[in-house]
Each structure stands twice: as structure tokens, then as C-alpha cells.
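Please keep the structure open beside them.

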Amino acid sequence: SPAQCPPVSPPPPGGAGESPVFAAAHAAFAWLPIAALLHNAILVIHGGIGPGDFTLADIERTPRPIRTSYDSRLICNLLWSDPVDSDEEMAKGVHGSP
């Protein structure tokens, strides 16, 4: 099933709630790496691999800047795929909470 992807772009310039710091931070996010390959063996990504039907070359060919994760199924999966199917399990988080 397709992931529900939140937007990764800032509100339109001059939009409600936009400050210069907010705009600059989101402009930088649009250029950050999507993934890193460590020692040619370990893939590090923000979210998950989704169905895993991509290659490293597919990630490298991702056009920049990324304006919204809705534009690409690959980007949506890499940024927002949950590593488990259960929302109840995900609500616990990866790290313990105080």
C-alpha cells in the first residue's frame, strides 16, 4: 500500500508562520543527502526501504532540490517508511521514553 507522505517543503514565501530561519532551514533540507553508504556495505537512511525495489543508482539520480516527498515514491519511502507494520509498536519509539 502507498505510504502517506507529509510534505517536506516550506510554506510559500511570505506564507503564514514563515520566518527567515524556517525558510533557510527548509531550503537546506531540500539539498541534504537522502542516504549514505558506509564502507560500501551499510545503507543509512532516515525512514526505511519500503518495498526495496530500487538501486543505489536510483537514489543518486534523485533530482534536487527535493520540494516535496509526494513527487517521488522512492523519496517518500526512504523518508517515511516505518520499519514495522504496527502503529502500536511504532508509538513506543526506537528509544525508551522517560
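I started at Arg61, which is exposed with a relative accessible area of 60%. My cut-offs are these: buried is under 20% relative accessible area, exposed is over 50%, and partly exposed is in between, with a 1.4 Å probe and protein chains only.

Before going on, I noted that this is a predicted model, where local features need pLDDT of at least 70, side-chain atom pairs count only at pLDDT 80 or more, and totals for chains, interfaces and linings use all residues. Residues are numbered from 1 along each chain as its sequence is written, and side-chain values use heavy atoms, with hydrogens and water left out.

**Salt bridges.** I looked for a side-chain nitrogen of Lys or Arg within 4 Å of a carboxyl oxygen of Asp or Glu. That rule gave me 2 salt bridges. Arg61 pairs with Asp58, with 2.4 Å between the closest N and O atoms; Asp58 is partly exposed at 25% relative accessible area. In the pair of Arg73 and Asp53, the closest N and O atoms are 3.1 Å apart. I took helices (H or I, at least four residues) and strands (E, at least two) as DSSP runs, numbered from the N terminus. Arg73 is exposed, at 53%.

**Thr62.** Next I asked myself: is Thr62 buried or exposed? Thr62 is buried, with a relative accessible area of 13%, and lies in the loop between α2 and α3. Its side chain reaches the backbone oxygen of Ile59 at 2.9 Å, and a polar atom of that side chain is 3.4 Å from the backbone oxygen of Asp58. Leaving aside neighbours within four places in sequence, I found Thr62 in contact (heavy atoms within 4.5 Å) with Leu74 and Ile75.

Then I turned to the strands, which I count as paired if DSSP finds at least two bridges between them. Strands β1 (residues 35-38) and β2 (residues 42-45) run antiparallel and are joined by 4 bridges. Leu38 stands opposite Ile42 in β2. The two strands form a hairpin with 3 residues between them, and His39 in the turn has a positive phi of about 50°.

**Leu43.** Last, I checked Leu43, which sits in strand β2 and is partly exposed at 32% relative accessibility.

Methods: Polar contact = N/O pair within 3.5 Å; in protein donor to acceptor, adjacent residues only side chain to side chain.
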